[in-house]
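Here are a few notes to read alongside the model. Take them one at a time, and keep the structure open while you do.

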Amino acid sequence: MTMGVDGRSVIVTGAGSGIGRAAALAFAAQGDRVLVADLDAEGAAATVEEIERSGGTAVAVTGDLSEQAVVDRVTATAVERFGGVDVLVNNAGIMDSMSAAADVADAEWDRVIRVNLTAPFLLTRAVLPHMLAAGRGAIVNTASEAALRGSAAGAAYTASKHGVVGLTKSLAVMYRKNGVRANAVCPGGTATAIAVEADPAAHGPAALGPHFVNLGRVSQPDEQAAAILFLASEAAGNINGAILPVDDGWSAV
Ligand code: NAD
């Protein structure tokens, strides 16, 4: 299957670690130029170094993507360095404390919604004029198993990831006439830094129900990256608004 290798301009958020890093490396390996956006400057630099060591092209922009100024810097850098934005992967995210609603403080709610939902909206809004001007674009959002049901995380994370699915579907419908597609992956348990924090033993699966412990085989970041690359590729040209679980059947339980 051809994945549409054409040296595109790709922004991957949260590319300093985990799923985002795996996706950035995979895009670069097929010849795309990658803007690595992350709060963590060291992680972002390490991803860029790894890409450059393999002969690829990448640039890092560091900062908190929930801030408009950082979003503007990411967009401007992609346009200046790579001539536009062909692919946007809204992947950066944070876990919550896995608390039920009554135990969620304002600060936790605001931060989780801001990083997981508002930041993807801000970057999408900033990038869309460039995709619309080009008449093409692919947006892939990293949602979660917690976007599909209520028993995979706490109230704030679950609400934020359901919101990511809503944003994805709205984009798919509103921009399909403009050549811009939007899809989402819903990772199940994946071996990254975030997953360690969400250790079910530490957070009490009894409170979250039997579904939480039925997660199947934990996936590797490059398995999530493969799904992201597919949805961003020409091979997925008629796939728009899809919400794709990548979870060894966890969501089928
Ligand atoms: P990770 O912690 O390894 O990577 C997340 C990256 O996002 C980090 O490099 C972090 O610095 C960056 N980030 C966090 N907040 C940011 C901000 N405000 N601005 C810029 N960068 C920020 O975790 P991961 O598992 O690779 O997570 C990637 C995505 O996958 C997240 O959206 C997460 O919710 C989702 N996800 C992960 C799992 C899992 O089990 N690992 C399951 C479902 C969904």
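Does Ala76 count as buried or exposed? Point 2 has the reply, but here is some housekeeping to begin with.

1. This is a predicted model, so to speak of local features we need pLDDT of at least 70, side-chain atom pairs count only at pLDDT 80 or more, and totals for chains, interfaces and linings use all residues. Residues are numbered from 1 along each chain as its sequence is written. Helices (H or I, at least four residues) and strands (E, at least two) are DSSP runs, numbered from the N terminus.

2. Back to Ala76: it counts as exposed, because it has 12 C-beta neighbours inside 10 Å. The cut-offs, with C-beta atoms placed from the backbone, go by other C-beta atoms within 10 Å of a residue's own: 20 or more is buried, 12 or fewer is exposed, and in between is partly exposed. You'll find Ala76 in helix 3 (residues 68–82).

3. Now look at helix 1 (residues 18–29) and helix 10 (residues 221–232): their axes come within 8 Å and cross at roughly 55°. That makes helix 1 oblique to helix 10. Axes here are lines fitted to C-alpha atoms, for helices over the stretch in contact, with angles from 0 to 180 degrees between N-to-C directions. Under 35 degrees is roughly parallel, over 145 roughly antiparallel, 65 to 115 roughly perpendicular, and the rest oblique.

4. Who makes that contact (C-beta atoms, placed from the backbone, within 7 Å)? Helix 1 gives residues including Gly18, Ala22 and Phe27, and helix 10 gives residues including Pro221, Ala225 and Leu229.

5. Next, the ligand: 29 residues surround it, and the closest are Gly14, Ser17, Gly18, Gly93 and Thr192. To be included, a residue needs its C-beta atom, placed from the backbone, within 6 Å. Helix 1, helix 4 (106–134) and helix 6 (193–197) each give two or more residues to this shell.

6. Finally, check two backbone angles. Met98 has phi near 60°, a positive value in a residue other than glycine. Met98 sits in the loop between strand 4 (87–90) and helix 4, and is buried, with 24 other C-beta atoms within 10 Å. Asp248 also has a positive phi, near 50°. Asp248 is in the segment after strand 7 (243–246) and is partly exposed, with 15 other C-beta atoms within 10 Å.

Conventions. Two residues are in contact if their C-beta atoms, placed from the backbone, lie within 7 Å.
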